[in-house]
Amino acid sequence: LFDIFKDKSGVDIIGWDIEYSPLILQNTTFKLNKHNLVYSRRSICSSKHTKITLEATGYKELAQLRNFWWSIAYEKIDDSNNVLTPQLEYDIKSFSLQKIPMILYFSGWYQFNSKQTDCYYSPNKTDSNILGLKIFKNFRYLKFKLKGGLGYSFFDKTYLYNYGAWLYSNNINNFEAKAGCDFSNSSTINKSTNYESMECGIWAKIIW
C-alpha cells in the first residue's frame, strides 16, 4: 500500500504512507509514514510539528474471541525528539456469564522519549499495565462491546484506569459502521496531576 497527500491539519506538508505485509509473516505489517504530529499528540502546539514513523505490528487469532496484538514503533519528530513505543494486548481467557461472552485481557503500553517538552506529552519514560474485561452483546443488527480495566505504572508509580464502550453494526449490503469512546489516565513523571484522555470516534465504510 502506498499513498501521498497534501496535509493541512497542521504544518502544510506532503504526507505519505507505505505499508507492506509479507506473505511469509502472516498477519504482520511494516509501516513507514510521514504525518503531522497533531494526529497522535492532539495539542495545539503539536500542530506545528511533523514526524516520520517506522512501525511493525502483528495480530494472531488464538481462539474464538481471543486474540493477541503487538506493535513496536519508532518516531522521529522534527524537534529532535526520538520516540520508541512498544505495546501489546493479550486476551488471557474467554468465558461466559449469564450467556454473555467475556474476555480477561492484559494491555501493556510503554514509551520512551529522548526529549521532554511542554508542547506535547513526552515524559522520559512511561508505562501502562492494565488488567481488565471485555464484554460483548449481540443484537439483531448491532454488536455492543464494553471494555474496562485497572492497572499500574511502574515508571510513574501511579494507579491507572481504562474504559470504553463501542457499538458496531453488522455487515449489511457491504456497509459497516462503528461509534464509541475510550477514557484513560496516565501520569507524567515531573507533575503531581494525572494526565487524562478521552477519545471518541465514528467510522463508516461501504464496499462496492
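Predicted model: local features only at pLDDT ≥ 70, side-chain atom pairs only at ≥ 80, totals over all residues.

Colleague: Over which other ring does the charged end of Lys 178 sit?

Modeller: Over the ring of Trp 203, 5.1 Å from its centre.

Colleague: How are Trp 166 and Trp 203 arranged as an aromatic pair?

Modeller: For ring pairs, look at the angle between the planes: under 30 degrees is stacked, over 60 is edge-to-face, and the rest is tilted. Trp 166 and Trp 203 are tilted, with 45° between the planes and 5.6 Å centre to centre. Trp 166 belongs to strand β10 and Trp 203 to strand β12, so the pair ties together parts that are 37 residues apart in sequence.

Colleague: Is Trp 166 buried or exposed?

Modeller: The cut-off for buried is under 20% relative accessible area. Trp 166 has 12%, so it is buried. Trp 203, at 44%, counts as partly exposed.

Colleague: How many aromatic pairs does a search of the whole structure find?

Modeller: Seven. Elsewhere, ring pairs link Tyr 152, Phe 154 and Tyr 159 into a cluster.

Colleague: And what about nonpolar side chains on the surface?

Modeller: There's a nonpolar patch there with about 1000 Å² of accessible area together, and its members include Phe 2, Ile 18, Leu 54 and Tyr 74. The elements giving two or more residues to the patch are β1, β2, β4 and β5. Ile 18 lies in strand β2 and, at 37% relative accessibility, counts as partly exposed.

Terms used:
Residues numbered from 1 in each chain as written. Heavy atoms only, no water. Patch = residues over 30% accessible without salt bridge, like charges linked within 9 Å, V, L, I, M, F, W, Y side chains within 5 Å. Areas by Shrake-Rupley, 256 points an atom, 1.4 Å probe, with all protein chains shown as cover. Salt bridge = Lys/Arg side-chain N within 4 Å of Asp/Glu carboxyl O. Helix = DSSP H or I, 4+ residues; strand = E, 2+ residues; numbered from the N terminus. Buried < 20%, exposed > 50% of the residue type's maximum accessible area, 1.4 Å probe, protein only. Phe/Tyr/Trp six-rings, centres within 6.5 Å; stacked < 30°, edge-to-face > 60°. Lys NZ or Arg CZ within 6 Å of the ring centre and 35° of its normal.
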